[in-house]
Amino acid sequence: MINAQELQRRIYIQGFSGKKPAVTIHPDRLEALARRKMSAEAFAYIAGGAGSEATLRSNRNGFDQWQIVPRMLRNVETFDLSVQLFGQHLPSPLLLAPVGVLDLAHPEGEIAVARAAATRNVPMIFSNQASTPMETCSAQMGDTPRWFQLYWSKSRDLVASFIQRAESCGCSAIVLTLDTTMLGWRPRDLELAYLPFLRGMGIAQYTSDPVFQRLLDLPDDPAQRPPKPPVNLTTLRNVVRTIRNYPGSFRDNLRSGKPLKAVRQFTQMYTNPALQWEDLAFLRELTSLPILLKGILHPEDAKKAIDHGVNGIIVSNHGGRQVDGAIAAIEALPTILEAVRDHIPVLMDSGIRSGSDIFKAIALGAKAVCVGRPYVYGLAIGGTLGVQEVIDQLLADFELNMRISGCSSVAELNPEYLKQA
Ligand SMILES: Cc1cc2nc3c(=O)[nH]c(=O)nc-3n(C[C@H](O)[C@H](O)[C@H](O)COP(=O)(O)O)c2cc1C
């Protein structure tokens with residue numbers, strides 16, 4: 001991991017020869033530059049939120065409700081960003097949040113991110129909706145920790161298969177996302193009538209799965225068939241794309257009809273609105289890996305999570321993509337920490353854009369944070385290099401905020417460094 005002063009030095013020395021950083025340093029410009037690299041549909045899918053996007057705004061404004069109160073003369077010459085999480089030593093309290101369909105941002109998608117994560121030893125959480133199977137990403141990561149994020153589908157056999165595959169490819173924790181038992185109302189996507197999954201993107205964990213493949217071999221239930229769209233040139237183009245996105249040869253896939261069947265099968269089973277607390281026992285029986293619940297925002301749910309034997313919580317509102325007007329994750333964090341009382345680690349995501357945001361979340365008591373869109377924007381701008389730069393910049397900014405505030409290790413950060421604005 002590169003330290004902040006080295007990174008500053010490198011940037012300023014390169015500037016002497018007229019070279020600027022490959023990826024913008026400014027968080028707001030990051031989104032604008034990434035936008036230029038993506039199709040309108042891809043950008044809408046990644047940047048957008050639910051409804052009026054009030055939750056997106058709250059996630060950002062929530063960080064302004066806290067201010068850092070630096071302390072002086074505390075010898076911060078040496079420093080330590082590392083944390084211990086579920087028995088693993090991590091170089092920093094930063095993880096890459098599970099983000100689906102990364103090939104929307106860059107053709108190398110998840111592979112580019114896995115490579116970047118491995119060079120920085122920053123854990124990557126594989127999305128259930130990835131466009132690359134978890135095994136392929138794992139193969140890029142050496143000893144760098146990776147976790148698997150699960151969407152609980154309508155088939156328990158499929159859930160069991162995903163967990164078994166995650167264990168086999170070296171994932172060291174399971175993140176069960178609870179806030180997406182159905183897709184939020186997302187005006188940007190609805191306006192463009194665009195959902196990547198219907199074009200066979202973001203379903204690689206399924207199409208690479210033996211249980212899912214067996215389901216594909218069963219005859220289609222005509223009652224479950226969705227209505228057919230009108231056929232025109234765009235329809236045909238999208239059919240060809242869907243076939244191309246399916247593993248194997250175009251000719252075989254055209255003949256078997258599996259790509260379109262896979263999309264149909266996926267849409268029928270991928271969410272499970274019937275999921276409830278009692279179901280967690282099934283997951284607990286499947287694996288001895290730590291289980292984290294992602295999407296907890298209410299302190300009573302945090303207490304229930306502990307009662308149901310889970311090992312960690314990610315306070316998150318899915319980056320504002322699910323409920324419009326939901327509480328900001330950073331605002332929910334203190335009440336959840338109070339309810340959890342150190343029984344299990346609490347992580348948070350949604351709205352982290354800078355080192356100062358990381359500082360505030362950790363000082364409040366989060367053990368680590370996950371970042372979503374910023375690394376996806378880095379990916380869009382520069383592939384693996386872009387993701388590396390975003391990670392380096394976030395950590396350098398965090399390190400400097402921490403040390404200049406008089407704190408030399410993550411373990412020392414506490415609420416006394418903060419004041420409510
Ligand atoms: C394009 C996109 C796709 C996402 N896909 C998933 C997913 O497959 N599984 C999941 O648990 N969360 C998913 N998330 C939510 C992220 O894990 C994370 O909670 C969120 O991005 C954090 O907010 P931030 O983008 O403001 O950092 C997605 C977020 C975005 C922006």
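This is a predicted model: local features need pLDDT of at least 70, side-chain atom pairs count only at pLDDT 80 or more; totals for chains, interfaces and linings use all residues.

Reader: Which domains does the assignment give the chain?

Author: Start with the residue ranges. Domain 1 covers 22-188 + 272-420, and domain 2 covers 196-269, according to the domain assignment. Taken over C-alpha atoms, the centres of domain 1 and domain 2 are separated by 30 Å.

Reader: How many residues of each domain are in contact?

Author: Each side is counted separately. Domain 1 brings 19 residues to the contact, and domain 2 brings eleven. On the side of domain 1 that touches domain 2, helix 7 (residues 156-168) gives the most, with four residues. That side of domain 1 has eight nonpolar, eight polar and three charged residues.

Reader: I have seen interfaces given as an area instead. What is that area?

Author: The size of an interface is often given as the accessible area lost when the parts come together. Here we stay with residue counts.

Reader: Next, the helix pairs. At what angle do helix 5 and helix 18 pack?

Author: For a helix pair, read the angle and the axis distance together. Helix 5 (residues 109-120) and helix 18 (residues 373-404) pack at about 15 degrees, and their axes are 8 Å apart. Angles under 35 degrees count as roughly parallel, so helix 5 and helix 18 are roughly parallel to each other.

Reader: Is the crossing of helix 5 and helix 18 left-handed or right-handed?

Author: Helix 5 passes helix 18 in a left-handed crossing. On the helix 5 side, the residues that meet helix 18 include Ala112, Val113 and Ala116. Among those they meet in helix 18 are Leu379, Val387 and Ile391. By class, this contact of helix 5 with helix 18 has seven nonpolar, four polar and two charged residues.

Reader: How do helix 16 and helix 17 cross?

Author: Their axes come within 10 Å and cross at roughly 20 degrees; helix 17 is residues 355-364. That angle makes helix 16 roughly parallel to helix 17. The crossing of helix 16 with helix 17 is right-handed. Ile330, Leu333, Pro334 and Leu337 of helix 16 meet Lys360, Ala361 and Leu364 of helix 17. This contact has six nonpolar residues, no polar ones and one charged.

Reader: Which residues make the contact between helix 15 and helix 16?

Author: First the geometry: the axes of helix 15 (residues 299-307) and helix 16 (residues 329-340) come within 8 Å and cross at roughly 35 degrees. Helix 15 contributes Pro299, Ala302, Lys303 and Ile306, while helix 16 contributes Thr335, Ile336, Glu338, Ala339 and Val340. Six of these residues are nonpolar, one is polar and two are charged. Helix 15 passes helix 16 in a right-handed crossing.

Reader: Last, how many residues surround the ligand?

Author: Count the shell, then sort it by class. 24 residues surround the ligand, and the closest are Ala97, Gly100, Thr177, Gly319 and Gly372. The shell divides into seven nonpolar, 13 polar and four charged residues.

Key:
Residues are numbered from 1 along each chain as its sequence is written. A residue is near a molecule or strand if its C-beta atom, placed from the backbone, lies within 6 Å of it. Ala, Val, Leu, Ile, Met, Phe, Trp, Tyr, Cys and Pro count as nonpolar, Asp, Glu, Lys and Arg as charged, and the others, Gly among them, as polar. Axes are lines fitted to C-alpha atoms, for helices over the stretch in contact, and angles run from 0 to 180 degrees between N-to-C directions. Helices (H or I, at least four residues) and strands (E, at least two) are DSSP runs, numbered from the N terminus. A crossing is left-handed if the near helix is turned anticlockwise from the far one by less than a right angle, and right-handed if clockwise. Two residues are in contact if their C-beta atoms, placed from the backbone, lie within 7 Å. Domain bounds come from an automatic or database domain assignment. Angles under 35 degrees count as roughly parallel, over 145 as roughly antiparallel, 65 to 115 as roughly perpendicular and the rest as oblique.
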